[in-house]
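Have a look and see how they read to you.

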Amino acid sequence: MNIQGPALRLTIFIGETGQWRHRPLYHEIVHRAHQAGLAGASVIRGIEGYGVSDHIHTTRILSLSGDLPLEIIIVDSAEAIRAFLPQLEELVTEGLVVVEPVEVVRHAGRTVPPPERTGRTEEAEKTEGTP
């Protein structure tokens, strides 16, 4: 999908120890965004921050935190972002969710050709040549 022009940026601030059914919360959010067909998602790990708890989380060696801040950024059309928000209601029980209007000037990616099909199964191709 290629977007251009007016769009929304969805930013989700959570701690890296956040969990959803024994999986990292950021992982679940990214996978749900992918399943929803959103244009893309990035997870950025912060080096220091604090939130509602007023506790500073940091990478500084003397006060190393096990719960560094994470920022998940998703940019897509207003309709796509708004349709995704109800899923975050379920997932994000601690954190901050922000939606901002943006203008996409360029959205380009590399085109990766599909893998060449040989007619053999993927498993057979992996084991081919193995004694």
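**Notes on the salt bridges**

1. Arg 32 is buried, its relative accessible area being 13% (buried means under 20%, exposed over 50% and partly exposed in between, using a 1.4 Å probe and protein chains only). Its partner in a salt bridge is Glu 90, with the closest N and O atoms 3.0 Å apart. Arg 32 sits in helix 1 (residues 25-35) and Glu 90 in helix 2 (residues 78-91), so the pair ties together parts 58 residues apart in sequence. Glu 90 is partly exposed at 40%.

2. Some ground rules. This is a predicted model, where local features need pLDDT of at least 70 and side-chain atom pairs count only at pLDDT 80 or more, while totals for chains, interfaces and linings use all residues. Residues are numbered from 1 along each chain as its sequence is written, and side-chain values use heavy atoms, leaving out hydrogens and water.

3. A salt bridge here is a side-chain nitrogen of Lys or Arg within 4 Å of a carboxyl oxygen of Asp or Glu. That rule gives five salt bridges.

4. Glu 28 and Arg 23 also pair up, at 3.4 Å from N to O. Glu 28 is buried at 10% relative accessibility, whereas Arg 23 is partly exposed at 34%. Arg 23, Glu 28, Arg 32 and Glu 90 are linked in a network of salt bridges.

5. Then look at Glu 100 and Arg 9, whose side chains form a salt bridge at 3.1 Å, N to O. Glu 100 is in strand 8 (residues 96-104) and Arg 9 in strand 1 (residues 5-15), 91 residues apart. Helices (H or I, at least four residues) and strands (E, at least two) are DSSP runs numbered from the N terminus. Glu 100 is partly exposed at 30%, and Arg 9 is partly exposed at 30%.
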